Protein chains: 4
Amino acid sequence: MSGVWGKQIEYSIFGESHGEALGIVISGLPVGIKLDLDFIRKEMKRRAPGSSDLVTPRKEEDAFEILSGYFEEHTTGAPLCAIIRNKNTRSSDYNNLRYAMRPGHADYSGRVKYKGFNDFRGSGHFSGRITAPLVFAGAIAKQILASKGIKIVSHVLSIHNIKDTAFDLANFEESLVKKLSSLAFPVIDESIAEDMKQAIRTAKDNKNSVGGVVECAILNMPAGIGDPFFDSIESTLAHLLFSVPAVKGVEFGKGFEISSLTGIEANDPYAIVDGEIRTTSNNNGGIIGGISNGMPIVFKCAIKPTASIGLEQDTIDIVNMKNTKLTVEGRHDPCIVPRVLPVIEAAAAIGILDSYLTSNK
Amino acid sequence: MSGVWGKQIEYSIFGESHGEALGIVISGLPVGIKLDLDFIRKEMKRRAPGSSDLVTPRKEEDAFEILSGYFEEHTTGAPLCAIIRNKNTRSSDYNNLRYAMRPGHADYSGRVKYKGFNDFRGSGHFSGRITAPLVFAGAIAKQILASKGIKIVSHVLSIHNIKDTAFDLANFEESLVKKLSSLAFPVIDESIAEDMKQAIRTAKDNKNSVGGVVECAILNMPAGIGDPFFDSIESTLAHLLFSVPAVKGVEFGKGFEISSLTGIEANDPYAIVDGEIRTTSNNNGGIIGGISNGMPIVFKCAIKPTASIGLEQDTIDIVNMKNTKLTVEGRHDPCIVPRVLPVIEAAAAIGILDSYLTSNK
Amino acid sequence: MSGVWGKQIEYSIFGESHGEALGIVISGLPVGIKLDLDFIRKEMKRRAPGSSDLVTPRKEEDAFEILSGYFEEHTTGAPLCAIIRNKNTRSSDYNNLRYAMRPGHADYSGRVKYKGFNDFRGSGHFSGRITAPLVFAGAIAKQILASKGIKIVSHVLSIHNIKDTAFDLANFEESLVKKLSSLAFPVIDESIAEDMKQAIRTAKDNKNSVGGVVECAILNMPAGIGDPFFDSIESTLAHLLFSVPAVKGVEFGKGFEISSLTGIEANDPYAIVDGEIRTTSNNNGGIIGGISNGMPIVFKCAIKPTASIGLEQDTIDIVNMKNTKLTVEGRHDPCIVPRVLPVIEAAAAIGILDSYLTSNK
Amino acid sequence: MSGVWGKQIEYSIFGESHGEALGIVISGLPVGIKLDLDFIRKEMKRRAPGSSDLVTPRKEEDAFEILSGYFEEHTTGAPLCAIIRNKNTRSSDYNNLRYAMRPGHADYSGRVKYKGFNDFRGSGHFSGRITAPLVFAGAIAKQILASKGIKIVSHVLSIHNIKDTAFDLANFEESLVKKLSSLAFPVIDESIAEDMKQAIRTAKDNKNSVGGVVECAILNMPAGIGDPFFDSIESTLAHLLFSVPAVKGVEFGKGFEISSLTGIEANDPYAIVDGEIRTTSNNNGGIIGGISNGMPIVFKCAIKPTASIGLEQDTIDIVNMKNTKLTVEGRHDPCIVPRVLPVIEAAAAIGILDSYLTSNK
């Protein structure tokens, strides 16, 4: 039952890389929202393949069709279903996947789980393509949050061993937010962008791949959102972020670094500044006791290198139960970090919207 | 609705630090399990305060009473409720908390959320004491998992800046597991234990506190457990782990380090060894595509330094809306890492059991 | 996982007839409600045994203890747990129930489900006593609804073959509501009350039992509450009503009678009366398309005769797998209808509150 | 969030009468089921309009397209989405519905709920057409249940005031089940079928409509399925049955009649017959304490007369807030009972399958 998530709004996701279509049903959407379809398309395009030499050349427009819950340009309040047809599929690339289990992919774990009945073509339901409907839903969540003043912004914190400057956790200047929103490859220190891209191109030339880290901030969060214990904001966001294929770590505020601070260093002192309550540092990333404290919510996600690489790898032939060698064919991203930014933002938007609606019910 | 979690078994948690009792209702437990009450008590004791000079001297036995769902020594299949009475409470310590917001605590975020109606004594529902019923439930989950051969083990990976050796992700020797299970302060490299304890004592002497990192492994996991997307094992475990107060980061396998590897380094090659399918490395921490691959599931949690410290801190007086100074009274842990190990294991046990039951339904 | 219900507020129920205690955890309660404990006690007393010669003489005060989520007379927003200790238990009455399956009771179906591990004393978790915590929770739900003007009232529509006048579906006079709320044995036509009571006493004298029908109305419901399809008001209420032991039928408005009307007779015409929109009849019981239309919500519940009777009955000895005779010992209600009224109202209050909060989120 | 239902398998339904498509996402389906598409089509055809002069002449093939979760003729275990395109739509019929609220329809209650943003054409999401995807899902549930020996059968128990013979609750002959499954208009007493049809034709000629009662049985149920309290089989089935538009009453076994029996009459005595445990009567409809007892589960549903009728009716003009007259145009069913049988069976199949999987996890 892994396809459904949400308390106030329920998202039911479906689809495979090489099936008829992927899509999502969004049940419980607020009524009467005039959807900004151009914004949704723009978000989808950020995730779509084929946009530059840094990503897979698979050509998919990722055009969506809304089947329900939308009438005279507004949400009706009834479940909204959107689908994205698969077009540029080349199933022949995947014939040998019936036998050889690709390292780093869910071929083996999925085969055991699904007893061999899974659609293995292009990783099937495990494909990163399943994030297309998530970005669709995230764009709607972002639009609703924006109407409440809440903004989400992210940047590439690292690619392989090239690092961008991290966010100043306690201070976000409007100019930085604007800059990041306008960049196709968003980094704070623009001087390192070319090095990062070069690291990706080098991986591509080597038939290899690289990973990276995404840093994301949720700005203008009111205090008092989230719930203690099982529905802490950290729990809600981490649940969704770890749904995104390739995410292997999530940390909030200072994250793992906070474990080497002392209490007096880690605690964020409260202060009244210009009549407003805030903290003077933000090591806790805007969340205390699972609940927002009015400071920016900031988190980082570790993205593993793309599992699909052109280099020969050791693996097993599961049908004949023997060790073998495998070279993965097909068109792959040497690094998915640039395309994963809108997915991370979408997951964050969906999670924060649910916490927001729960706390304001 | 933050108090309820679970799909196959639902856990409903309740209680405050200085209220009548804390407890948990466990609905959907398998029928006919002969509960090992001694084991439950042992696990509760690992978490309980007062056991050494490293932790708070607050004396709480954490004795539990089972109210339902248990008959003639076995689970009946009906909801099992256990409660833990609060005894050694000193509410007077908390009188000034009506005004001054403790940095690092949920006083402010909780006050906004609960409009000032929250039980603020000893952090109320936000207290780490809420983890006592979680450990109770986790002990039962552990017992059920053990009957299927699955074991959970953890150690202190770091305290402040003192680091233990990390797990060898792909190889767990039985002797190591036994050793860690027998140590009151479990570390792999026993030579650093005293340094860690000294770091805690130093923090205590300084009226300060320190944090650390816990590393945990789930051993003998069958392959094929977990679900893609929203109910990945990472999502399920992270959801529960981030429920535990003080956890600010969670990573699986190599975690954030995997982001600086290349694909050929990060992918875990499959191999048939002694007739069994395994991977020769375990950078993905036993989870691929959200599903177990039969290797040990390994994760790390960043624990922040205890928020309660005896040093004077800047903060605000929320009633009079002015900046002020605060010195937190009361008996506190200079470091909660030693007491948090059984809590992390409990959260892991509860999460893995749910994934296991879902996959075997 | 049958012990948990609710979307906006989650109720987790537990307990057995002859165990330590029954109780309920209410997670997600609105913050800052000053609980009317006297009202809760009054509702509990309506359900409690021992109040007259019409019901079981088992003496239980059903005194509740609130363990959490309640501070300085108000709800805190954290999970509220209340327990009711079992006191006047006589387990010895139930010794032969290990063998002989009582007709009409869950002894056999429960034994199969729970593989013989269920607490069989006094029906265990299947006992009507499990409705005590439901009435506790319902009293809180009623108080919250009352603060929004919504009232719930019910009466005994029939006992065995003695029938009261039914509600005028479209018109509820305030005086009737007041009268029913004040009667210990609420009927519209007070002249038949004694006949009903006599039918109960006759059943008691005959070591037999009788059933009846309860009719319940939810007044001052705003229009627009409820959801189409899976969360229709009918679905929500019926789900909860059929949880109550002994309920075997639920119908809304005209219910089964509507099936023999024609469309022009069944449709409730809209009209503007005194500037307000209403319907001139209310055959649909205030619900159209699963959503309230502003008219009173009216439903009926069929209550079966108490399964426990003193007459000898045919049954099986499940241990020795042979046919046998059984005479049920113990103290039983010759008719549970009088005690079930507050339970039906509690279920209705809990269901309507959830629909209300969902629609106003 | 009314569009999602299910614990072991989650169903997410969407669509409007005159939108692009209706559909359903089924998440958590068992793996490797070879779907019987012909059977699904046959079930869809039973519900589809245009099949006889008794139902609406709107021509809809209700052809479905499976978009995901289905590969090489088998379910993959990933979410399965099926859609049904709307084709023969005539939106012009509904222009006056912006103003005049049709009695018996959700025009008014839905308008209040959705603040006027609902797709009002053909009742939109409230249309009986939403049951088409339910029948699709029910056909799959039926196939899974059939593989475990469980069968579902129903008949028209009444149309208006014409009554069929009711089921013998405790005895189902195979020949009867076969007969009912083969009849297009299934009745036990075939001699009354023509009277029923004539009652429908008379209603049609009079521009009026009629309702009826459906009786349904679930055969070969093993004992021990279902859960006490919130997830009783009655609760689960009633929840789904009351989702079906036009259902206003649900009763199990003797239903409302049981309320006028005495305990000795109502209790179903257990007996060992031919080495098997059964009850000699089945007044409880195969469910005791919310759990199956191995006898047939039998229930009845009251279906109200079609709300859409050609007769002039009193109602309100909501835009101009005045009383008005309305004549509903368009093509309508004079009686939906014949088409609702497969819908009731589908709801029953979905509910029982969930209880079955929960009890066997």
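Predicted model: local features only at pLDDT ≥ 70, side-chain atom pairs only at ≥ 80, totals over all residues.
**Stop 1: the largest pocket**

Start with chain D and select Lys42(D), Glu43(D), Arg46(D), Ser181(D) and Leu183(D). Of the 45 residues lining the largest pocket, these are the closest to its centre. The pocket itself has a volume of about 1,000 Å³.

Next, colour the elements around it. Helices H1 (37-47), H3 (131-146), H4 (174-182), H5 (193-205) and H8 (337-359) of chain D each give two or more residues to the lining, and so does strand E8 (151-159) of that chain. Which element gives the most? That is H1(D), with seven residues. If you colour the lining by class, you will find 21 nonpolar, 17 charged and seven polar residues.

**Stop 2: Ala349(D)**

Stay in chain D and pick Ala349(D), which has its place in helix H8. Is Ala349(D) buried or exposed? Its relative accessibility is 0%, so Ala349(D) counts as buried. Show the residues around Ala349(D): beyond those up to four places away in sequence, it touches Gly138(D), Ala141(D), Lys142(D), Leu145(D) and Ile152(D).

**Stop 3: Gln313(A)**

Move to chain A and select Gln313(A), in strand E17 (residues 312-317). At 5% relative accessibility, Gln313(A) is below the 20% cut-off and therefore counts as buried.

Which side chain makes a polar contact with the side chain of Gln313(A)? It is that of Asn267(B), at 2.9 Å. Ile264(B) is also in contact with Gln313(A). Within chain A, and leaving aside neighbours within four places in sequence, Gln313(A) is in contact with Pro103(A), Ala307(A), Thr324(A), Lys325(A), Leu326(A) and Val328(A).

**Stop 4: the cysteines**

Finish by selecting cysteines. How many disulfides does the structure hold over all chains? The count is zero. Zoom in on Cys216(A): the nearest cysteine sulfur belongs to Cys301(A) and is 7.5 Å away. A disulfide needs two cysteine sulfur atoms within 2.5 Å, so at that distance Cys216(A) is in no disulfide. Cys216(A) has 0% relative accessibility and so counts as buried.

Then go to chain C and select Cys301(C). Cys301(C) counts as buried because its relative accessibility is 0%.

Technical notes
Residues numbered from 1 in each chain as written. Chains lettered and ligands numbered in written order. Heavy atoms only, no water. Buried < 20%, exposed > 50% of the residue type's maximum accessible area, 1.4 Å probe, protein only. 1 Å grid on protein atoms, 1.4 Å probe; cavity = no way out; pocket = protein on both sides within 12 Å on 5 of 7 lines; lining within 4 Å. Points joined across faces, edges and corners; volume = space filled by probe spheres on them. Helix = DSSP H or I, 4+ residues; strand = E, 2+ residues; numbered from the N terminus. Nonpolar A, V, L, I, M, F, W, Y, C, P; charged D, E, K, R; others polar. Polar contact = N/O pair within 3.5 Å; in protein donor to acceptor, adjacent residues only side chain to side chain. Contact = heavy atoms within 4.5 Å.
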